[in-house]
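Welcome, and please take a look at the model below.

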Amino acid sequence: MAPLARMILQRLALGLLTLFLISLFIFLAVELLPGDLAEEVLGQSATPETVAAFRRELGLDQPAHVRYLDWLGGIVQGDFGRSLANDRPISELFAARLGNTLFLAAYAAAISVPLALGLGLLAALYRGSVFDRSVNILTLSSISFPEYFVAYILLLVLSVNLGLFPSIADFGAGAGLGEMLYRTFLPAMTLVLVVTAHMMRMTRAAIINLLAQPYIEMARLKGASPLRVILRHALPNALAPIINVVALNLAYLVTGVVIVEVVFVYPGLGQLMVDAVATRDIPVVQACCLVFAGIYILLNLGADVLAIATNPRLLHRR
């Protein structure tokens with residue numbers, strides 16, 4: 001078996017083991033929540049007989065390990081259970097919400113990744129210049145602000161004061177691509193401002209670290225221009241750390257959009273999870289957490305494979 005294929009299989013096995021441990025942790029965390037789920041759902045006016053019947057319907061009268069195995073077995077078969085709030089299949093709730101979250105993440109990634117790589121390359125090319133210092137100040141400021149603060153600033157300036165974009169990002173069913181891009185511009189820009197800083201700084205640091213290597217000095221002595229030195233000689237060898245940080249930020253774009261979706265009332269998976277927490281819809285909360293974890297693990301696996309594909313030396317320990 002090829003070393004790369006063996007590494008992919010090993011990472012897949014490790015990812016499945018990690019996902020299993022996360023599912024166990026999620027289930028145990030729900031078990032430790034105070035109060036009785038049946039009483040919380042039915043309310044204080046429910047009779048003991050109604051509560052007991054509801055517990056039997058949900059399987060809450062079964063031991064914890066039996067309920068966990070039933071839940072895990074259903075997930076393996078693609079059945080996440082049913083929502084307690086509206087009795088709809090959770091997979092049906094995920095169908096549209098997950099697509100909306102992935103659309104917002106792809107929208108933000110399409111802007112942030114080229115922008116971050118371009119700014120990082122220019123900052124490394126003009127290291128120590130006014131441009132480099134200005135970009136570093138802006139990125140450090142962006143990292144320091146939490147997402148909800150950036151979101152409310154954009155809402156105040158671009159929606160309330162200037163009226164350029166809507167404050168609510170719900171585009172409804174049947175909207176065209178242009179309408180979707182217009183209505184989701186503010187949440188996408190919030191994510192762009194947050195993640196661009198990390199990717200830009202890692203790109204700059206990786207390029208600057210390689211500029212001190214002897215082969216870079218040889219390229220300069222041969223008369224290569226600074227831009228050619230960075231693009232042809234430094235960038236290919238800096239792709240591994242850049243790919244890793246890009247993948248981590250892409251994972252954040254998918255799994256870290258909860259606050260942004262709530263601020264802009266965006267009908268995504270994060271908003272669904274917050275609504276489920278508010279209504280004590282525990283099966284939906286568990287399913288959302290597990291889906292987020294799976295996406296994060298999958299993107300990290302993709303980052304490892306791409307990093308090794310660009311630098312095969314990473315397959316070897318020495």
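The second largest pocket holds about 290 Å³ of space. A pocket here is an open set of points on a 1 Å grid over the protein atoms alone, where a 1.4 Å probe fits, with protein on both sides within 12 Å along at least five of seven lines; its volume is the space filled by probe spheres set on the points. Of the 15 residues that line this pocket, L138, T139, S142, V192 and L193 are the closest to its centre, where lining means having an atom within 4 Å of a point. Two or more lining residues come from each of α5, α6, α7 and α9, and α6 gives the most, with five residues. By class, the lining has 11 nonpolar, four polar and no charged residues.

This is a predicted model, in which local features need pLDDT of at least 70 and side-chain atom pairs count only at pLDDT 80 or more, while totals for chains, interfaces and linings use all residues. Residues are numbered from 1 along each chain as its sequence is written, and side-chain values use heavy atoms, without hydrogens and water.

Now to the helices, which are DSSP runs (H or I, at least four residues) numbered from the N terminus. Two packed helices are described by the angle and the distance between their axes.

| Helix pair | Axes come within | Crossing angle |
|---|---|---|
| α7 (residues 147–161) and α9 (residues 185–210) | 9 Å | roughly 135° |
| α5 (residues 90–125) and α6 (residues 130–144) | 8 Å | roughly 135° |

The axes are lines fitted to C-alpha atoms over the stretch in contact, with angles from 0 to 180 degrees between N-to-C directions.

The α7 and α9 crossing is right-handed. Among the residues in contact (heavy atoms within 4.5 Å), L154, L155 and L158 of α7 meet α9 residues including L186, M189 and L193. This contact has 10 nonpolar, two polar and one charged residues.

The crossing of α5 and α6 is left-handed. Here L119, L122 and A123 of α5 meet F131, D132 and V135 of α6, a set with five nonpolar, no polar and one charged residues.

Definitions and conventions. A crossing is left-handed if the near helix is turned anticlockwise from the far one by less than a right angle, and right-handed if clockwise. Ala, Val, Leu, Ile, Met, Phe, Trp, Tyr, Cys and Pro count as nonpolar, Asp, Glu, Lys and Arg as charged, and the others, Gly among them, as polar.
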